[in-house]
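Take a look at the model below.

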Amino acid sequence: MTGKLSSEDLRWTLPFCFATFLYTTFQHPHDEVTFKACLTKAAPIVALAIFVLQRGVCIPSRSRQSLCILIGLLFSAAGDVFLQLSSLGYFLPGMLAFGAGHVSYILASGTRPAEWTIGFPILLAGFSYYLFLLPKVFDDKIFTVALLVYQLLICSMLWRTIVRYRVEKVTKGLEHEKLIVMGTYYSAQLLISLSILHEPVGKKANSADKKSSAQKTAIK
């Protein structure tokens, strides 16, 4: 695969587009405890999980990275539901679910090359922000530790994603904050899911070497 979207790939993204349309149409409050609110919030991520399952996990050349992304999406969907139910005491489970999702995405992006010149400033900025938030949550020891781990995971995921794609995006909004936040969240999850279409460079090189060897053998 060259990483280009085929008509089949596009067909499998339609459920995500439809689910995102439904979310932006109904726009339930963040703390609304209803089945409909949980469903519409998690539906776009579940749709992406189906896309990754069909267009990634089921294709041998994409299966390893795709499986990590699929697991990350499922944890993210669970995190969306938990945060929607945060008024019932599910905020911390939501953080744990998103944290597990971030670990999966980090594994999908790989840990080589390290590129500490990129990673160290990101981790330092994340830790500085954690220190800024610390006085607000210091009374809750469990949440204090969970916030630190979550912050490090987010920074690590950003670090590994930048190293892999050499892409840096900064978004900031003032009006319609909820739509902007969720829009960028769903867009990021979509881009992570579409990354399964890119065959690793090593695999391309190996395929080319094997093809070249086969041609030389045939000539002989």
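**The whole chain**

The model is predicted. How many helices and strands does the protein chain have? There are eight helices and zero strands. Read from the N terminus on, the order is α-α-α-α-α-α-α-α. The protein chain has 220 residues, and 37% of them count as buried.

Contacts can also be sorted by distance along the sequence. Take the contacts in the protein chain between residues at least 6 apart in sequence. Of these, 76% join residues at least 24 apart.

**Two helix pairs**

Two packed helices are described by the angle between their axes and the distance between the axes. The table gives both values for two pairs.

| Helix pair | Angle | Distance between axes |
|---|---|---|
| α1 and α2 | about 170 degrees | 9 Å |
| α2 and α3 | about 175 degrees | 9 Å |

Start with α1, residues 7–26, and α2, residues 35–57. Angles over 145 degrees count as roughly antiparallel. Therefore α1 and α2 are roughly antiparallel to each other. Which residues of α1 and α2 make the contact? On the α1 side they are Glu8, Asp9, Trp12, Thr13, Pro15, Phe16, Ala19, Thr20, Tyr23 and Phe26. On the α2 side they are Lys36, Thr40, Lys41, Ala43, Pro44, Ala47, Leu48, Ile50, Phe51, Gln54 and Arg55. By class, this contact of α1 with α2 has 12 nonpolar, four polar and five charged residues.

Now take α2 with α3. Their angle is about 175 degrees, so α2 is roughly antiparallel to α3. The contact of α2 with α3 has 18 nonpolar, five polar and two charged residues.

**Two residues of α2**

Thr40 and Ala43 both belong to the α2 side of the contact with α1. Is Thr40 buried or exposed? Thr40 counts as buried because its relative accessibility is 10%, and the cut-off for buried is under 20%. The C-alpha atoms of Thr40 and Phe26 are separated by 8.1 Å. Along the chain, Thr40 and Phe26 are 14 residues apart.

Ala43 also lies in helix α2. With a relative accessible area of 24%, Ala43 is partly exposed. Ala43 and Phe16 are 27 residues apart in sequence. In space they are 7.7 Å apart, C-alpha to C-alpha.

**The nonpolar cores**

In soluble globular proteins, nonpolar side chains tend to be buried together. Where are such groups in this model? The largest nonpolar core has 18 residues. Val52, Ile69, Leu73 and Tyr105 touch the most other members. Four helices each supply at least two residues of this core: α2, α3 (63–84), α4 (91–109) and α6 (141–165). The largest share, seven residues, comes from α2. There is also a second, separate core of 10 residues. Among its members are Met95, Tyr130, Leu134 and Phe143.

**Helix α4**

α4 has 19 residues. From its first C-alpha to its last, α4 reaches 27 Å, close to the 27 Å expected at 1.5 Å a residue. Which residues of α4 are buried? They are Gly94, Met95, Ala97, Phe98, Gly99, Gly101, His102, Ser104, Tyr105, Ile106, Ala108 and Ser109. After α4 comes Gly110, whose phi is positive, near 90 degrees.

Phe75 lies in helix α3. Phe75 counts as partly exposed, at 35% relative accessibility. What does Phe75 touch, not counting residues up to four places away in sequence? Its partners are Ala97, Phe98, Ala100, Gly101 and Ser104. Phe75 and Gly101 are 26 residues apart in sequence, yet 5.1 Å apart in space, C-alpha to C-alpha.

Ile192 is in helix α7, residues 177–194. At 22% relative accessibility, Ile192 counts as partly exposed. Leaving out residues up to four places away in sequence, Ile192 touches Ile69 and Tyr105. Ile69 and Tyr105 are among the residues that touch the most other members of the largest nonpolar core. The C-alpha atoms of Ile192 and Gly72 are separated by 9.8 Å. Ile192 and Gly72 are 120 residues apart along the chain.

Terms used: Residues numbered from 1 in each chain as written. Predicted model: local features only at pLDDT ≥ 70, side-chain atom pairs only at ≥ 80, totals over all residues. Heavy atoms only, no water. Axes fitted to C-alpha atoms, helices over the stretch in contact; angles between N-to-C directions. Parallel < 35°, antiparallel > 145°, perpendicular 65-115°, else oblique. Contact = heavy atoms within 4.5 Å. Nonpolar A, V, L, I, M, F, W, Y, C, P; charged D, E, K, R; others polar. Core = buried A, V, L, I, M, F, W, Y, C linked by side-chain atoms within 4.5 Å. Buried < 20%, exposed > 50% of the residue type's maximum accessible area, 1.4 Å probe, protein only. Expected span 1.5 Å × (residues − 1).
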